[in-house]
Amino acid sequence: MTLTAQPTSTTGLDLGPAAALACRACGHRLDLAAEFACPQCFGPLEIAYDFGRVTREDIERGPRSIWRYKSLLPVPSTVESYPNTDPGLTRLLRADRLGAELGIRNLWIKDDTGNPTHSFKDRVVAVALAAARELGFTVLACPSTGNLANATAAAAARAGWDSVVLIPASLERAKILMTAVYDTNLLACEGTYDDVNRLATELAFEQEDWAFVNVNVRPYYAEGSKTLGYEVAEQLGWRIPAQTVIPIASGSQLTKVDKAYGELISLGLVDDAEYKVFGAQAAGCSPVSTAYREGTDVVRPQKPDTIARSLAIGNPADGPYVLDAVRRCGGSINDVTDEEVRDGIRLLARTEGVFAETAGGVTVANAKKMVESGDLDPDADTVLLITGDGLKTLDAIEHQVGPKATIPATSAAVREALGL
């Protein structure tokens, strides 16, 4: 493996409508580059845009992937010409049976299990890879709770890049195998995800040629989550749902879906209408929901202890911005127990034929809780984001499901077992 190439100059970049990096805390702007912290106040950076004219027709003529939205993303104008995993345009399912169970009359499931590595992380990694290529990197890297590891390793393999993936050693076995199969440089580290993330941040400064998708190119990476919001609106006939329930790990997905809705409104691609976003966490790692309940702006770190390992980020980078978004629009943030997570997985599978990982169980279970508490309006159009495939977290339900009975291979035994 060769890990010696240095990033090229960041002048003259083709990153589409991206105009600058802007600090989310103080507003300071700087040129597009591989930066993630404001030099003035150390606040997080995000992409600022200079959008041209964008029409629904232009988008609809685009490829059946996230690249149909490239005029809204920080990616090169030629992004489709390079090998990539082409994620996105996953199905939006009308979920009447689940809605009847939850008491929601107009319910949809955004099923992102259909992405190339079976989670929404393919979206953010594809954008990060496109930006990293333009910025001059040649090695793709990440710290991960699992889904990002899968997506980074696959995207690098498809692009012909080397990759380095850091994971907690306690990660689900399925996610480890689904990363290792791509022949990445996979390193299992002792400690929690937050320990692994700190290591990645240190390495990002030491290894200048490595593009850590969620560290030194994080501002670009995070914008990939906007495509979930774009797709939901387009698939609903170019309108924003009144309510969207979104799982919280780092919190970036919720803030970027909210950003996507705002962009669609400001560009005139959808009607200006009020909407609410709702955050969903597991009780065993609920720093953002705890801050929301306490009415504080401070998200205090927690040590994760939950089966929802893909959401087990005890010190979420976007936590304060999640609080801002949810409070601004009148949503809420809740959490559920591990047993409720398992129930949510089984309920979604039984009613809609969608097998979600634990993050999906968190979303469904929290939606149920929010309806019961009155947070969710049962008459409003509602979308639940299901962000990963249940095959990745089989251990979560292996003791809850199985054969109804073990029987002789006779029709009489079948009748007896089924009480016929």
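Lysine 121 lies in helix α3, which spans residues 121–135; helices (H or I, at least four residues) and strands (E, at least two) are DSSP runs numbered from the N terminus. The model is predicted, so local features need pLDDT of at least 70 and side-chain atom pairs count only at pLDDT 80 or more, while totals for chains, interfaces and linings use all residues. Residues are numbered from 1 along each chain as its sequence is written, and side-chain values use heavy atoms, with hydrogens and water left out.

An unreviewed UniProt entry places the feature "modified residue: N6-(pyridoxal phosphate)lysine" at Lys121; such annotations may be inferred rather than shown by experiment. Lysine 121 counts as buried because its relative accessibility is 17%, where buried means under 20% relative accessible area, exposed over 50% and partly exposed in between (1.4 Å probe, protein chains only). Apart from neighbours within four places in sequence, lysine 121 is in contact (heavy atoms within 4.5 Å) with Asn147, Leu148, Ala151 and Tyr221.

### Strands

Two strands pair if DSSP finds at least two bridges between them. Two such pairs are listed here.

| Strands | Sense | Bridges | A bridge partner pair |
|---|---|---|---|
| β6 (residues 139–143) and β7 (residues 162–168) | parallel | five bridges | alanine 141 and valine 164 |
| β1 (residues 18–23) and β2 (29–30) | antiparallel | two bridges | alanine 22 and arginine 29 |

Strand β7 is mostly covered, with six of its seven residues buried. Strands β2, β1 and β3 form an open sheet in the order β2-β1-β3, with antiparallel pairing. Its edge strands, β2 and β3 (45–49), each pair on one side only.

### Helix α10

In helix α10 (residues 287–294), the buried residues are Pro287, Val288, Ser289, Thr290 and Ala291. These buried residues pack against β11 (276–282), α11 (319–329) and β12 (333–336). Glycine 295 follows α10 and has a positive phi, near 70 degrees.

### Cavity

The search of the whole structure finds one cavity of 30 Å³ or more. A cavity is a set of points, on a 1 Å grid over the protein atoms alone, where a 1.4 Å probe fits but cannot get out; lining residues have an atom within 4 Å of a point. The volume of the largest cavity is about 40 Å³, a volume being the space filled by probe spheres set on the points. Trp67, Val79, Tyr82, Asn84, Ala126, Leu129, Ala130 and Arg133 line the largest cavity. By class, this lining has six nonpolar, one polar and one charged residues; Ala, Val, Leu, Ile, Met, Phe, Trp, Tyr, Cys and Pro count as nonpolar, Asp, Glu, Lys and Arg as charged, and the others, Gly among them, as polar.

Technical notes. On a 1 Å grid over the protein atoms alone, a cavity is a set of points where a 1.4 Å probe fits but cannot get out, and a pocket is an open set with protein on both sides within 12 Å along at least five of seven lines; lining residues have an atom within 4 Å of a point.
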